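Biologist: I would like to go through the charged pairs in this protein. Can you take me through them?

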Amino acid sequence: MAYKDIQDFMNVLDRRGLLKKIKVEVDSELEITEITDRISKSKGPALLFENVKGSKYPVLINTFGSFERLNLALEVDKLDDIAHVITDLMDVSNYIGFIDKIKSIPKLVRLARVFPKKVDRAPCQEVVEEADLSTLPILKCWPLDGGRFITLPLVITKDPETGLQNMGMYRLQVYDKNTTGMHWHLHKDGREIYEKYKKIGGRMPVSVALGCDPATIYSATAPLPKEIDEMIFSGFLRKSPLEIVKCKTNDIYVPANAEFILEGYVDVDELREEGPFGDHTGYYSLKDLYPVFHITCITRKKNPVYPATVVGKPPMEDCYLGKATERIFLPLLKIMCPEIVDINFPLEGVFHNCVIVSIKKRYPGHAKKVMHSLWGMGQMMYTKMIIVVDESINPHDLSTVAWKVFNNIDAARDVVIVEGPLDALDHASPLSHYGHKMGIDATKKWTSEGHLREWPDDVEMTKEIKSLVDRRWIEYGI
């Protein structure tokens with residue numbers, strides 16, 4: 001059964017002992033962040049702050065901050081299970097022949113359930129009130145932050161040309177009781193829709209959902225092709241349609257199960273300074289000019305919880321959401337690069353800065369072909385370092401990967417430096433949004449790649465001796 005909403009999931013965590021309730025008063029300015037950061041880095045539970053200074057709403061945080069909770073959130077035993085379903089659905093052989101067509105019906109039925117279901121009444125509209133963000137326990141996360149930030153918003157817009165909705169997660173800096181910044185990066189889908197409205201002029205309708213069921217929250221972070229509605233993807237993950245309702249003051253449809261909905265608009269001719277913000281890179285992102293979101297109406301449940309997250313030096317809660325993307329979207333990478341065996345985005349790379357790829361190497365220069373292919377795929381264009389290893393190497397075994405990198409490369413031959421787009425949060429490049437990226441070919445080199453010397457074998461024990469020692473291990477008394 002799909003979770004009805006975030007409180008439904010919160011109650012499951014509570015029953016399993018994966019939620020800690022804090023009853024004493026805490027401050028949403030810095031104090032909640034310090035508590036959460038300590039818990040995140042010690043791999044602790046989700047937290048519910050029931051008594052937040054200056055607000056009647058409790059704060060739910062660190063909800064997805066472990067693999068156990070993330071698996072529970074997406075209702076799987078392990079994240080790879082979702083990838084297996086996607087692989088199976090995309091396998092054309094399942095749909096060839098009469099018998100195979102019959103067998104495929106359950107899979108197709110699941111696809112039929114992915115489309116959102118419109119409703120007339122919704123929990124997120126039980127209360128309709130004037131915009132006043134001061135009533136919400138919005139966090140100031142880090143000392144040098146430019147102010148308080150809404151950190152887990154699902155920002156929903158509609159393409160003025162196609163009518164398709166987009167849902168993404170973009171932080172909102174609070175300026176006053178009814179205006180915030182709108183942190184649309186240059187390469188994001190929300191920014192592209194914004195640019196279309198700029199050509200039209202006037203006001204761009206925007207709605208923001210706070211606190212939805214776990215699959216919908218994750219879907220807002222997923223790097224989907226722009227043609228795929230995130231609410232449809234949520235239905236796929238939930239195995240059940242997402243109920244949506246039309247906003248009170250604009251034509252945008254929002255998740256009916258949300259805790260809060262902020263309705264309003266962005267004036268396409270208005271920019272305002274936003275930042276700094278202690279970001280997921282572990283550094284402060286700098287001040288810059290961004291659009292302004294004007295909130296004209298807030299709707300909510302009668303008894304909502306306020307969802308939040310804190311980002312900063314890894315590992316933190318967002319790292320686990322990033323790992324979900326790594327596993328779920330591996331099948332799509334394999335479609336375009338069938339030679340890929342597995343992939344790993346190390347937590348220290350904070351999503352875009354490093355990826356390790358194992359491949360089935362078939363021809364000279366194959367590793368370099370994979371590097372350039374990955375740099376050409378959507379948000380993979382931001383990746384500052386790609387390390388390629390042979391298929392026998394587990395990319396998640398960082399010690400072995402480091403051993404191969406440190407010992408298998410000739411710098412002139414195996415290191416590739418290219419120029420191209422970078423993430424807006426990259427601070428190391430001399431230019432904003434543009435700089436250099438590196439690929440490292442740590443695979444075994446062939447004669448056909450110009451390595452004329454004999455390549456040594458790895459030092460390994462024979463299978464027979466390993467089996468012998470396995471059998472006799474207890475005898476040794478070690």
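Modeller: What follows is a short exchange on salt bridges and their surroundings. This is a predicted model, where local features need pLDDT of at least 70, side-chain atom pairs count only at pLDDT 80 or more, and totals for chains, interfaces and linings use all residues. Residues are numbered from 1 along each chain as its sequence is written, and side-chain values use heavy atoms, with hydrogens and water left out.

Biologist: How many salt bridges does a search of the whole structure find?

Modeller: A salt bridge here is a side-chain nitrogen of Lys or Arg within 4 Å of a carboxyl oxygen of Asp or Glu. By that rule, the search of the whole structure gives 30.

Biologist: Is Lys196 buried or exposed?

Modeller: Lys196 pairs with Glu161 in a salt bridge, 3.3 Å from N to O. Buried means under 20% relative accessible area, exposed over 50%, and partly exposed in between (1.4 Å probe, protein chains only). Glu161, at 61%, is exposed. Lys196 has a relative accessible area of 18%, so it counts as buried.

Biologist: Which residue forms a salt bridge with Asp414?

Modeller: Asp414 is buried, with a relative accessible area of 1%. The closest N and O atoms are 3.6 Å apart, and the partner is Lys445.

Biologist: What is the relative accessible area of Asp14?

Modeller: Asp14 forms a salt bridge with Lys21, with the closest N and O atoms 3.2 Å apart. Lys21 is partly exposed at 35%. Asp14 is partly exposed too, and its relative accessible area is 32%.
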